[in-house]
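Have the structure open while you read.

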Amino acid sequence: MNAANDPSRRRFLKAGALLGGGLVVAFVVPGGKRLAFAQEPAAKAALPPPNAFLRVGSDDSVTVVLAHSEMGQGIWTTLPMLIAEELDADWSRIRVEHAPAAAVYASPVFGMQGTGGSTTTWSEFDRYRQVGAAARAMLVQAAAARFGVAASDCRTENGVVICGDQRARYGELADAAGQLPVPEAVTLKAPADWQVIGKDTPRLDTPEKTTGRAMFGMDVQFEGLLTAVVARAPVFGGQVKSFDPAPALAVKGVRKVVQVPSGVAVVADHFWAAKQGRDALEVEWDLGPNAALDSKALREQFRGLAQTDGASAANAGDARARVAAASRKVEAEYFVPYLAHAAMEPLNCTVRIGPDSCELWVGTQFQTVEQNAAAAITGLKPEQVTVHTPFLGGAFGRRATATADVVSEAVHVAKAAGAPVKTVWTREDDTRGGYYRPMFLERAAIALGDDGLPSAWDHTLVGQSIMAGTPFEGSIKNGVDNASVEGVSDSPYIKDLAHHRVELHSPRTGIPVLWWRSVGHSQNAFVMESLVDELAHAAGRDPLEYRRTLLAKHPRHLGVLNLAAQKAGWGEPLAKGRARGIAVHESFGSYVAQVAEVSVESGQVRVHRVVCAIDCGIAVNPLAIRAQMDSGIAFGLGAALHGQITFADGRVQQSNYHDYPSLRLPEMPVVETHIVTSSERAGGVGEPGLPPIAPAVANAVFALTGKRLRELPLRLDA
């Protein structure tokens with residue numbers, strides 16, 4: 001525990017006192033400052049400033065201020081559980097708030113305030129427990145002074161300090177405890193003594209969200225707030241050539257029509273007037289260099305690149321020559337399309353600019369980026385920009401743009417309008433607005449030995465870099481964006497081979513791309529687990545037994561693989577017309593295996609049951625973990641069966657849920673999740689459930705039909 005005495009800390013301590021006094025505990029953030037999504041634990045580095053606070057109020061409330069954004073992943077509950085465990089708090093008195101944007105809330109992983117990469121729980125696991133333990137120690141010390149006893153004679157239970165027949169509630173002790181120094185060190189509970197961690201705990205945000213009290217960005221409303229909808233170029237990179245505002249201004253309720261860098265904004269009293277005004281707006285566009293973008297042409301371009309040498313992501317031995325000389329080999333080309341995030345809540349941002357201030361209300365994953373962008377546009381200092389983070393109605397990476405595209409546009413609109421404005425994206429704007437999961441084409445050639453096992457692996461990936469052209473570009477090493485090759489270059493199937501070669505091409509297409517739930521693992525697990533299935537069938541081996549052989553030196557992979565297979569009844573007979581497929585993949589520090597049971601109905605793939613096993617290390621809230629496996633499977637299955645963004649004449653062809661469908665309720669399979677009991681460090685859970693589902697389904701389709709599907713979305717008639 002380290003309490004840095006800097007101006008930021010003093011400001012937040014003062015703010016805490018203004019909220020009614022009591023005990024306010026700051027705690028620090030160990031770990032490195034990495035400006036990228038972390039796929040592995042951050043290296044140890046100098047301790048950054050305090051980045052979160054715990055308040056014990058005189059009313060017995062315990063308020064946890066989260067530096068991270070709740071976007072459906074459940075950290076509104078999981079992180080307070082860590083504090084409650086060590087604090088011995090009364091769970092019914094726990095309250096949670098999103099933090100404002102400030103340097104003290106910098107993520108230990110990103111070096112700035114942000115949420116993503118399934119990093120929140122593992123990066124906060126020790127620190128949130130430490131702050132709970134520190135607060136408890138201070139409360140005990142205050143109680144001991146009141147009781148006239150030694151602190152060691154006191155114990156805590158459910159928000160009360162007890163010594164013999166003397167009792168004091170935390171709320172009674174909060175003011176006195178708040179005057180004490182923060183302990184320099186604390187002793188954390190042994191796992192055997194945990195009463196909260198590891199127990200199924202219902203989400204704290206569920207009551208608000210089921211009753212409609214929860215505040216999302218789209219719900220923000222106050223006196224004088226206008227609404228804007230922006231007409232943007234129909235082609236990425238296009239610019240306004242000219243426009244006639246008169247038809248839009250003729251719409252009742254439209255106040256202003258203003259040009260901003262991203263297009264032309266129609267500002268009105270309410271959304272429908274703004275939408276009708278935009279529909280009436282007449283804009284002439286300079287379509288720019290991407291007017292001829294075409295998905296089929298891009299795919300052929302990628303195919304050509306895949307046959308040339310790329311940047312080396314992994315290389316050992318002499319893979320290419322050995323594959324060329326092999327008498328038995330498997331060669332295959334895989335393809336995945338661009339994907340939109342399609343969150344339930346379309347993008348939006350509310351902005352109010354004052355003479356020396358700017359307020360943002362925005363569901364964001366990157367508070368620091370948004371704050372800095374707004375400051376640059378308004379000419380203010382970052383600390384003059386207040387970021388209010390409501391609940392996020394889904395994000396999946398889209399609300400974590402390095403360019404702050406949504407916020408920047410909204411600030412420009414409010415500045416040009418000279419009034420507070422909520423800029424709203426329609427569903428069509430959202431779907432066609434870019435920042436997609438990149439399209440990828442991958443080619444692999446794998447030599448098989450006499451035992452049917454791979455002896456050399458040559459793999460080439462072609463797809464856009466997410467980091468290129470962003471402030472995170474420095475993470476690209478020797479031409480390789482790790483977000484493109486993760487799950488391939490570090491795959492145990494490849495790394496265990498003495499002869500392997502993984503190369504990457506990162507073409508620039510003019511299409512903005514971004515991390516999408518599970519990032520590179522989303523496509524690379526599909527490719528790798530499908531390829532391993534191909535190898536198993538080429539060798540005449542059972543896919544489960546074949547994986548067991550290849551993963552013999554990887555106990556955590558094997559653990560989830562065997563558990564999922566056992567619970568699914570692998571090898572047991574199924575009803576006629578059904579088959580099983582299996583896949584296993586590690587991502588974000590967690591290991592997940594899934595067995596999918598499928599049939600084909602009227603030429604369409606139907607998934608009936610998915611058995612999932614996860615080893616995420618210490619399981620803080622098993623209920624939340626199972627929910628996230630359900631969520632990842634549903635999200636991934638929607639993409640596997642339906643998802644694709646395509647281009648013709650430079651324009652996105654999809655627009656809304658009717659032509660970019662998510663998984664429908666009747667399509668949702670029965671999901672059974674089994675959590676491996678583990679004492680390993682916690683891994684992520686928001687994303688690891690997604691990567692195995694597409695290959696598990698594709699492998700089941702092959703088992704059923706004999707047709708190998710190497711392209712997403714899965715189409716039997718392709």
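## Where H15 meets H19

Start with Ala525, Phe526, Glu529, Ser530, Asp533 and His537 in H15, which meet Ala694, Pro695, Ala698, Asn699 and Phe702 in H19. To "meet" here is to be in contact, with heavy atoms within 4.5 Å. Sort the residues of this contact and you get 6 nonpolar, 3 polar and 2 charged. For that sorting, Ala, Val, Leu, Ile, Met, Phe, Trp, Tyr, Cys and Pro count as nonpolar, Asp, Glu, Lys and Arg as charged, and the others, Gly among them, as polar.

A quick word on the source: this is a predicted model, where local features need pLDDT of at least 70, side-chain atom pairs count only at pLDDT 80 or more, and totals for chains, interfaces and linings use all residues. Residues are numbered from 1 along each chain as its sequence is written, and side-chain values use heavy atoms, with hydrogens and water left out.

Helix H15 covers residues 521–538, and its axis lies 8 Å from that of H19 at an angle of about 30°. (Axes are lines fitted to C-alpha atoms, for helices over the stretch in contact, and angles run from 0 to 180 degrees between N-to-C directions.) H15 and H19 are therefore roughly parallel; the cut-offs are under 35 degrees for roughly parallel, over 145 for roughly antiparallel, 65 to 115 for roughly perpendicular, and oblique for the rest. Helices (H or I, at least four residues) and strands (E, at least two) are DSSP runs, numbered from the N terminus.

## H19's other partner

H19 (residues 693–705) also packs with helix H18 (residues 622–641), at about 55° and with the axes 8 Å apart. That pair is therefore oblique. From H18, Ile633, Gly636, Leu637 and Ala640 meet Ile693, Ala694 and Val697 of H19.

## Glu597, tucked into a strand

Which strand holds Glu597? Strand S23, residues 590–601. Glu597 counts as buried because its relative accessibility is 10%; buried means under 20% relative accessible area, exposed over 50%, and partly exposed in between (1.4 Å probe, protein chains only).

Leaving out residues up to four places away in sequence, Glu597 touches several others, including Leu574, Arg578 and His608.

## Buried residues of H7

Helix H7 (residues 271–280) has Ala273, Ala274, Lys275, Gly277 and Arg278 as its buried residues. They pack against several elements, among them strand S8 (226–232) and helix H12 (427–432).
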